[in-house]
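This report is for a reader who is new to the structure. Please look at the sequence and the model first, then read on.

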Amino acid sequence: MSAKKMRGYSRRRFLNLFGGSIAVPFVLGALSSRAAGLAGKLVMIKGPHSADEAKFEAEIIADFKKGNPGVDVEFTTYDWANMNAQLTAGFASGSPPDVQYLVDLIYPAYAERGVLQDMTTWVNDPAWKSERDAIAPFAWSLAKSSKGIWGVPVLGAVYNIFVNLDLLNAAGVAGTWQKSYADMMAAAKATTKGDTFGVSLRTRVSDFAFWDWFPYIHNAGADILNKDWSGHGLAGGEDAMQFLIDLHKAKVTPPVGSVDWQGQFDLFKAGKIAIYHGETPQINELLASPPPFKWDVAYAPPGPKGQTVMGNFGILSIAAASKNKDAAWAFIKHWASGPEVGRFAGEVNLQVVRTDIVNQLYGDKPQMQKIQKEFVPRVKGVQPHPKILTMLQQIWPVAEDSYLGNLTGNDAIAQMGEIINRLV
Amino acid sequence: MAATPSQFSAIEHQTRRASAALRRDLTAYAFLAPILLFFIVFMALPVVWLFYLSFQNDGILAPARFAGLDNWRRTFADRLVLKCIGNTLYYCLIAIPTVFVLGMIVALSLETIRRGAAILRVIIYFPTLQASLIVALIWTFMIHPDFGLLNIVIRAATGVKMNFLGNPASAMPTIAMIEVWKGLGFWAILFLSGLLALPLDLYHAAELDGAGPVRRFFSLTLPLMKPTFYFAVIFATIVNLQLFDSVFVLTDGGPVNSTATIAWYIYRSLFTFSDPGFGATLSFVLVIVVVSLTALQSWLMRARV
């Protein structure tokens with residue numbers, strides 16, 4: 001455009017035209033997103049289940065974007081050991097991540113304080129019925145309280161035992177160790193030699209040691225809280241507690257506190273532990289770098305009141321302060337859908353709570369199939385009390401003290417009960 | 001009656017002097033304003049807010065609810081609070097004297113070294129610059145029961161495998177040892193700066209009078225270093241009473257709460273137990289402990305400095 005022609009335009013007219021030409025594509029873009037239904041930005045936060053978590057989430061987000069081009073999803077993580085601090089800081093900021101992956105240990109405390117959105121209306125939407133019904137009822141019961149539904153259950157983690165079959169076979173106890181606690185003790189003693197230990201159990205609170213302790217307590221018919229949650233429910237767990245104490249006293253475990261959970265796993269992989277208490281994501285590592293021995297997955301021997309497996313579950317929640325709740329719900333529906341959650345669970349070796357995809361999962365991983373089909377139905381999770389994590393953290397020093405041989409099973413359960421009663 | 005020239009000049013002089021003083025004060029306040037503002041916003045107000053929170057329940061995620069003296073009553077009834085205070089004082093009693101004695105020995109050695117002194121000072125100061133997480137990782141590998149270097153040496157000498165952090169009796173001394181290692185460089189350099197500032201003529205006179213190195217150390221160095229020690233004791237107490245990083249990374253308060261410190265319990269109450277009122281009360285307890293101990297030390301040492 002020549003200078004002469006330019007002089008024909010006023011500055012205001014030029015700016016109007018220029019501004020308009022810039023703005024038109026944005027307005028059209030925004031309108032087309034709105035026409036597609038949803039727009040805006042979402043932030044999702046989750047603890048990592050794999051070193052490749054961000055890559056797996058990017059796959060889910062990319063699929064979501066195909067149907068919702070107007071919604072941008074940013075993924076971020078918290079670390080498991082400090083999840084409460086990081087999530088609390090987010091909620092306290094007033095602009096927390098919109099979508100939150102929360103485990104059953106912590107979400108009740110947030111729900112009680114009103115920082116989570118009650119999702120009852122969305123979950124009960126008739127249009128979503130088939131999807132809702134695909135999720136096992138026990139999982140829904142872990143995601144709600146009398147005041148609402150606080151998330152959509154998506155994943156579960158089973159705390160299974162890994163056994164070194166070579167060590168058990170060499171000691172002649174492979175077929176018997178799982179029959180009773182006495183058999184487990186005999187197997188542990190038979191396989192403990194030199195720097196090889198029969199059993200390992202987590203002992204540190206920072207390793208969430210209570211996950212390894214729970215099945216023995218549950219198998220005895222005990223739990224943290226009684227049925228109406230009015231007091232502790234540990235009565236009956238004394239013998240189970242004594243059994244765990246005896247394992248440590250018999251020196252068939254690494255000395256209390258000497259080796260953290262990762263260290264115990266490293267010892268197992270090195271063939272130095274016969275019966276190792278672990279978690280299903282570790283199966284991936286064993287499959288990727290097979291140890292020089294035969295191994296299998298198992299659960300603890302039955303107790304006097306049953307045969308349970310410990311597991312904890314994760315739900316996808318919406319922050320009450322989210323400014324884009326409809327988009328957050330759309331994203332949760334997408335994340336929880338069969339293809340997405342199934343692919344993710346397969347990638348990180350976690351359990352799903354959808355009953356409709358179980359048979360399609362883990363085709364190439366017989367150990368995972370075994371866990372999904374045999375272990376998951378036996379899972380007894382934590383009681384979703386708002387103070388459940390506080391209770392577990394506060395009773396754990398008593399467990400440590402008893403593992404060190406300073407308390408009997410009876411004394412330990414009595415002291416733990418007192419602590420829980422104070423907190424209820 | 002009109003003022004005489006001499007009266008006028010006296011009044012004018014007084015006014016000018018007052019106005020100059022006012023300008024000087026205002027200038028001083030203007031220079032002080034940023035730090036005063038920082039102090040008020042980041043230190044004074046949070047302390048006041050903490051005190052307010054100590055009479056409330058919630059207040060971070062949910063609206064605060066007045067709780068009266070409940071949190072204070074809980075503080076005195078909670079056995080873990082007493083254990084945390086005891087553990088923290090126990091740690092201070094191990095760590096502070098140890099780091100002072102070692103720091104002084106290193107400072108005296110550095111003072112006498114002529115060649116390579118600068119490099120040695122950097123090397124000795126280096127651990128102080130490391131993040132607590134790095135220090136914790138280094139020491140995890142040093143004291144690991146199976147492959148830790150320290151444990152290998154101990155096992156070779158005694159045949160015993162030490163479970164440093166897993167044993168309630170040794171866990172806190174181990175953390176103190178790690179903190180001493182980390183802080184040694186700082187204290188050594190501080191003491192060295194004190195030593196280098198001592199008047200040499202006194203030492204020459206003492207030497208002429210026949211005083212040997214030991215006599216000179218006890219009769220000259222230690223008394224002359226009192227102002228440095230005065231600062232060091234108070235500063236070290238304030239810093240060490242807030243022990244948190246190593247505990248959080250290495251033991252998380254265990255085993256059996258043997259390394260649970262006040263700062264650790266504050267963190268746990270605020271962020272894990274979602275109990276900000278109680279956490280605020282504990283924070284205030286820590287403030288009271290720090291201020292009381294500092295005042296006591298200040299009073300005891302001022303008389304002697």
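## Terms and conventions

A residue is called buried if 20 or more other C-beta atoms lie within 10 Å of its own, exposed if 12 or fewer, and partly exposed in between, the C-beta atoms being placed from the backbone. By that rule Val256(B) counts as buried because it has 24 C-beta neighbours inside 10 Å.

The model is predicted: local features need pLDDT of at least 70, side-chain atom pairs count only at pLDDT 80 or more, and totals for chains, interfaces and linings use all residues. Residues are numbered from 1 along each chain as its sequence is written, while chains are lettered from A and ligands numbered from 1 in the order in which they are written.

## Confidence and overall layout

The model scores ipTM 0.78 and pTM 0.82. Chain B averages a pLDDT of 90 (the predictor's confidence in each residue, from 0 to 100), and 96% of its residues score at least 70.

Chain A has 19 helices and 15 strands. Helices (H or I, at least four residues) and strands (E, at least two) are DSSP runs, numbered from the N terminus. The C-alpha atoms of chain A fill a box of roughly 100 × 50 × 40 Å along the principal axes. Of the 424 residues in chain A, 49% are buried. Two residues are in contact if their C-beta atoms, placed from the backbone, lie within 7 Å. Among contacts in chain A between residues at least 6 apart in sequence, 76% join residues at least 24 apart.

In chain B the domain assignment, which is automatic or taken from a database, gives domain 1 (5–38) and domain 2 (74–302). The centres of domain 1 and domain 2 of chain B, taken over C-alpha atoms, are separated by 46 Å.

## A four-stranded sheet in chain A

Chain A contains an open sheet of 4 strands in the order 8-11-7-12, with mixed pairing. Its edge strands, each pairing on one side only, are strand 8 (197–200) and strand 12 of chain A. From one strand to the next the twist averages 15°, where axes are lines fitted to C-alpha atoms, for helices over the stretch in contact, and angles run from 0 to 180 degrees between N-to-C directions. Two strands pair if DSSP finds at least two bridges between them.

What are the partners of strand 7 of chain A? Strand 7 pairs with strand 11 (residues 273–277) of chain A in the antiparallel sense over 3 bridges, and Phe162(A) stands opposite Tyr276(A) in strand 11. Strand 7 is also joined by 4 bridges to strand 12 (residues 295–298) of chain A, and these two run antiparallel. In strand 12, Asp296(A) stands opposite Val163(A), and Trp295(A) is the bridge partner of Asn164(A). In a regular strand the side chains alternate between the two faces of the sheet. In strand 7 (residues 161–164), Ile161(A) and Val163(A) point one way and Phe162(A) and Asn164(A) the other way, and all are buried.

## His232 of chain A

His232(A) is found in strand 10 (residues 232–233) of chain A. This residue counts as buried because 25 other C-beta atoms lie within 10 Å. Leaving aside neighbours within four places in sequence, His232(A) is in contact with Ile224(A), Leu225(A), Asn226(A), Gly417(A), Ile420(A) and Asn421(A).

Is helix 12 (residues 262–272) of chain B mostly covered or mostly exposed? Helix 12 is mostly covered, with 11 of its 11 residues buried. Trp264(B), Arg268(B) and Phe271(B) are among them. The cover includes helix 4 (83–93) and helix 18 (388–403) of chain A, together with helix 3 (79–112), helix 11 (245–251) and helix 13 (276–302) of chain B. Just after helix 12, Ser274(B) takes a positive phi of about 45°.

The loop between helix 11 and helix 12 of chain B holds Pro255(B), Val256(B) and Asn257(B). The peptide bond from Gly254(B) to Pro255(B) is cis, with omega near -10°. Val256(B), although not a glycine, has a positive phi of about 50°. Asn257(B) is not a glycine either, and has a positive phi of about 60°. Asn257(B) is buried because 25 other C-beta atoms lie within 10 Å.

## Where the chains meet

In chain B, 17 residues are in contact with 23 residues of chain A. The side of chain B that touches chain A has 9 nonpolar, 6 polar and 2 charged residues. Here Ala, Val, Leu, Ile, Met, Phe, Trp, Tyr, Cys and Pro count as nonpolar, Asp, Glu, Lys and Arg as charged, and the others, Gly among them, as polar.
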